[in-house]
Amino acid sequence: ARPVTLHRFVRYQLLTPDVPAARAVYTQPLGPDLWGEDVRLSTLPEQARARGARPHFRGHLAVDDVELALTAWCARGATPLGPLVRDAAGVVRSGLREPAGAVLSLSSEPAPPSRGLVVWHALHATNETQAFAPYRELLGWVPLARRDLGAEQGVHQLFAWDDEGPARGSVSNLALRPEVHRQWLFFFAVSDLERSLAAVREAGGLTLPPVHFEDGRLAAGCDDPQGAAFGLLQTP
């Protein structure tokens, strides 16, 4: 039987120019077992770097038909990033810059078992309602609460993958701020946020001040030394 397509992020791939350095950087805050089938580490292609691509975590969305999905995304304002690629196993992939300006990949590859390492998905956009619309229309994601956290933290539209799920992330208007990039920011679970942030800084990365949520969660954005952005989240 054909596996059910999940229509959500099923893989997270760090694309970076120096793989050994990145592997060493992430060991302290996230452990030596971070990398696997669901969280991958790859070299950022030279041609992408020549076009100005920065090191980044790229989320892979599982879709039924990559070509049809790409057409539907482009009809809503997305831009393909190169041609469709089909590997020897028949897996089709396509990178795109989605309408809100974030980079992601569409993939027909079967989803690996999730280890639950990525616990929150934050899309930084300039208009949270417009940015969420294609995910709702094309993937069936479900809007939940909408929260206005003020001028510093922005407006956030929370969402679930489907009608049965809890909140998996939020789409915000934080990219209205000049220092915030339009991107997907993926948050990894940690048991001690302050200790993990200290480890990031010791490795040469940058960290933002923690944000405290009403439910007791603590979260902070980070840049690794090569410039890739990621988040850390501690739950109570």
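1. Rings of Phe, Tyr and Trp (its six-membered ring) pair if their centres lie within 6.5 Å; planes under 30 degrees apart count as stacked, over 60 as edge-to-face and the rest as tilted. Such pairs link Phe-9, Tyr-12, Trp-73, Phe-132, Tyr-135, Trp-141, Phe-159, Trp-161, Trp-184 and Phe-186 into a cluster.

2. The model is predicted: local features need pLDDT of at least 70, side-chain atom pairs count only at pLDDT 80 or more, and totals for chains, interfaces and linings use all residues. Residues are numbered from 1 along each chain as its sequence is written, and side-chain values use heavy atoms, with hydrogens and water left out.

3. The count is 20 aromatic pairs. Trp-141 and Phe-159 are stacked because their ring centres lie 4.8 Å apart and their planes meet at 10°. Buried means under 20% relative accessible area, exposed over 50%, partly exposed in between (1.4 Å probe, protein chains only). Trp-141 is buried at 1%. Phe-159 is buried at 0%.

4. Arg-217 lies over the face of Trp-120, 4.7 Å from the ring centre. Arg-217 also lies over the face of Phe-213, at 4.7 Å from the ring centre. The criterion: NZ of Lys or CZ of Arg within 6 Å of the ring centre and within 35 degrees of the ring normal.

5. Now the sheet. Strands (E, at least two residues) and helices (H or I, at least four) are DSSP runs, numbered from the N terminus. Two strands pair if DSSP finds at least two bridges between them. An open sheet of 6 strands has the order 2-1-3-6-5-4, with mixed pairing. Strand 3 (residues 56–62) and strand 6 (residues 103–107) run parallel, joined by 3 bridges. His-60 has Ser-105 in strand 6 as its bridge partner.
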